[in-house]
Amino acid sequence: MKYIITLYMSLLLTNLAYCAVVQNGYVTSAKYLSLDQQKRQSYLAGYLGGTFVSPMYGADEDRIKSLKSCISKKDIEHLDKIISTYISNNPKTYAEGFHIVAFRVLNKVCLLQ
């Protein structure tokens with residue numbers, strides 16, 4: 001039992017160390033850029049995980065499958081670089097929610113393939 005509690009606390013503390021603070025329900029693109037690489041990639045992985053389960057909440061399943069098929073060929077570092085570069089090159093996106101910008105960028109990337 002002591003081992004289980006120690007393991008649980010270790011996992012909890014590890015996760016807390018990598019949390020991104022989310023206020024008002026989303027992170028702006030500017031805030032995303034201000035995170036270090038590990039936190040950006042963790043946030044992006046969470047965003048993608050949410051996107052992939054969105055058909056459970058009524059999103060178009062075929063569209064999500066197509067997006068998942070496209071981006072599954074890229075690792076998280078590559079996806080982060082694509083999105084971060086786009087945001088850096090488009091300061092008008094800084095005030096937008098990251099989720100909106102990421103969706104737009106990933107769809108553009110997948111349409112070009």
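A disulfide is taken here as a pair of cysteine sulfur atoms within 2.5 Å, and the structure holds 1 of them. The model is predicted, so local features need pLDDT of at least 70 and side-chain atom pairs count only at pLDDT 80 or more, while totals for chains, interfaces and linings use all residues. Residues are numbered from 1 along each chain as its sequence is written, and side-chain values use heavy atoms, with hydrogens and water left out.

**Disulfide**
- The sulfur atoms of Cys70 and Cys110 lie 2.0 Å apart, and the link is left-handed, with -95° about the S-S bond.
- Cys70 belongs to helix H4 and Cys110 to helix H6 (residues 98-111), so the pair ties together parts that are 40 residues apart in sequence; helices are DSSP runs (H or I, at least four residues) numbered from the N terminus.
- Cys70 is buried at a relative accessible area of 6%, and Cys110 is buried at 17%, where buried means under 20% relative accessible area, exposed over 50% and partly exposed in between (1.4 Å probe, protein chains only).

**Salt bridges**
- The whole structure contains 3 salt bridges, each defined by a side-chain nitrogen of Lys or Arg within 4 Å of a carboxyl oxygen of Asp or Glu.
- Arg40 and Asp80 pair at 2.9 Å, N to O, linking helix H3 with helix H5 (residues 76-89) across 40 residues; Arg40 is buried at 14%, as is Asp80 at 2%.
- Lys65 and Glu61 meet at 3.8 Å, N to O, and are separated by about one helical turn because they lie 4 residues apart in helix H4.

Key: Helix = DSSP H or I, 4+ residues; strand = E, 2+ residues; numbered from the N terminus.
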